[in-house]
Amino acid sequence: MTVGRLVQGGEFNLVRSTRSAKQDIEQKYDMINLEEQIKLLVELQGLDSHIFKLEDALCEIPETIKSMEDEFKEKSVGLKNLEDGVKALQVNRKENEVELETKEGVIKKYQSQLYQVKTNKEYTALQEEIGRVRADNSLIEEAIIKILDQIDDENKKIAQEKESLKQKEIKLNEEKKALKEEEARLKTELEDIGKKRAALVPAVDKGILAKYEKIVRNRDGLAVVAVRNDSCQGCFRVMPPQVINEMKMKKDIVMCDYCARILYIEE
Ligand SMILES: [Zn+2]
């Protein structure tokens, strides 16, 4: 025997010694078929564990759907930004076109003035002015071409993004549909198990049931555990031989002194 076991055994005896009126307990369970009660508890625990698992899975489904929708919305924002970018480019293009038009008007005005000037000097000055405005206009035209190219590129990106979003939306809807179906299936399963539980519970002694339910609440939904290879399957500590013997006698509900769960031996 290892030191660890000695220590554990010692602890166990200490806890056991604090348990008073053991005879009362035995008397209490005299009227009950304890072997049957334990079997019922094992069955009840099986149903409850299944119920908790289903409830967890059911809670997760709306969360999964929400995060999928959020992710999709984020991607839609990307498209919106691209579209806003194109709108800004269109505004910029329009401004440039208006400026170009205005300057074309100026050139026309100067050209008509060419026929009215009196001196060569004035004529040359106007010609120079016309040349300057034309140079400006060619810069504006270049800018417009550049903007048009950008708009083209951005529109291509938008088309790609739209197609990609369309595919993602189809996929999202398919996944949502599958999850909704899964949700309905889990709910039906939960209902069925709930019915089984309701049918089982009346056979369990009220006192034992109350004890079981208290442990379930306090011990992460696990109140009844097997002892396998002398170990409690709730906390995995080794049980002293006297606990094993007590379980075999089936005169009392035997609990693990470490994790306070109800123990049973698998047969
Ligand atoms: Zn334990």
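The crossing of helices α3 (34–114) and α5 (206–218) is right-handed, the term applying where the near helix is turned clockwise from the far one, whereas a left-handed crossing has the near helix turned anticlockwise from the far one by less than a right angle. The two helices pack at an angle of about 35 degrees, and their axes lie 12 Å apart, the axes being lines fitted to C-alpha atoms, for helices over the stretch in contact, with angles running from 0 to 180 degrees between N-to-C directions. Gln-37, Leu-41, Leu-44 and Asp-48 of α3 make this contact with Ile-208, Tyr-212 and Val-216 of α5, where two residues are in contact if their C-beta atoms, placed from the backbone, lie within 7 Å. The model is a predicted one, in which local features need pLDDT of at least 70 and side-chain atom pairs count only at pLDDT 80 or more, while totals for chains, interfaces and linings use all residues. Residues are numbered from 1 along each chain as its sequence is written.

The chain contains six helices and three strands, taken as DSSP runs (H or I of at least four residues for helices, E of at least two for strands) and numbered from the N terminus. From the N terminus on, these elements follow the order α-α-α-α-α-β-β-α-β. Of the 267 residues, 11% count as buried; a residue is buried if 20 or more other C-beta atoms lie within 10 Å of its own, exposed if 12 or fewer, and partly exposed in between, with C-beta atoms placed from the backbone. Among the contacts in the chain with a separation of 6 or more, 74% are accounted for by residues 24 or more positions apart.

Helix α3 also meets α4 (residues 120–200), and the axes of these two helices come within 6 Å and cross at roughly 165 degrees. The pair is therefore roughly antiparallel, since angles over 145 degrees are placed in that class, with those under 35 counted as roughly parallel, 65 to 115 as roughly perpendicular and the rest as oblique. In contrast to the pairing with α5, which is right-handed, α3 passes α4 in a left-handed crossing. Leu-54 is found in α3 and touches Leu-186, Glu-189 and Leu-190, when residues up to four places away in sequence are not counted. The C-alpha atoms of Leu-54 and Leu-190 are separated by 6.6 Å, although the two residues are 136 residues apart along the chain. Leu-54 counts as partly exposed because it has 18 C-beta neighbours inside 10 Å. Lys-176, in α4, is likewise partly exposed, with 15 other C-beta atoms within 10 Å, and its C-alpha atom is separated by 9.0 Å from that of Thr-64, 112 residues apart along the chain.

The three strands form an open sheet in the order β2-β1-β3, with mixed pairing; two strands are taken to pair if DSSP finds at least two bridges between them. Strands β2 (231–232) and β3 stand at the edges with a single partner strand each, so one side of each is left without a neighbour in the sheet. Strands β1 and β3 pair in the parallel sense over four bridges, and Val-224 stands opposite Ile-262 in β3, while the bridge partner of Ala-226 in β3 is Tyr-264. Strands β1 and β2 run antiparallel and are joined by two bridges, Val-227 having Cys-232 in β2 as its bridge partner.

A hairpin with two residues between the strands is formed by β1 and β2. Asn-229, in the loop between them, has a positive phi of about 50 degrees although it is not a glycine, and is exposed, with 7 other C-beta atoms within 10 Å. A positive phi, near 60 degrees, also occurs at Ala-260, again a residue other than glycine, which lies in the loop between α6 (241–249) and β3 and counts as partly exposed, with 15 C-beta neighbours inside 10 Å.

The largest nonpolar core has 23 residues, such a core being a set of buried Ala, Val, Leu, Ile, Met, Phe, Trp, Tyr and Cys residues joined through C-beta atoms within 7 Å. Two or more residues are given to this core by each of α3, α5, β1 (224–228) and β3 (262–265). The residues with the most contacts inside it are Leu-41, Tyr-212, Val-224, Ile-262 and Leu-263. Leu-41 touches Val-204, Ile-208, Tyr-212, Val-224 and Ile-262, not counting residues up to four places away in sequence.
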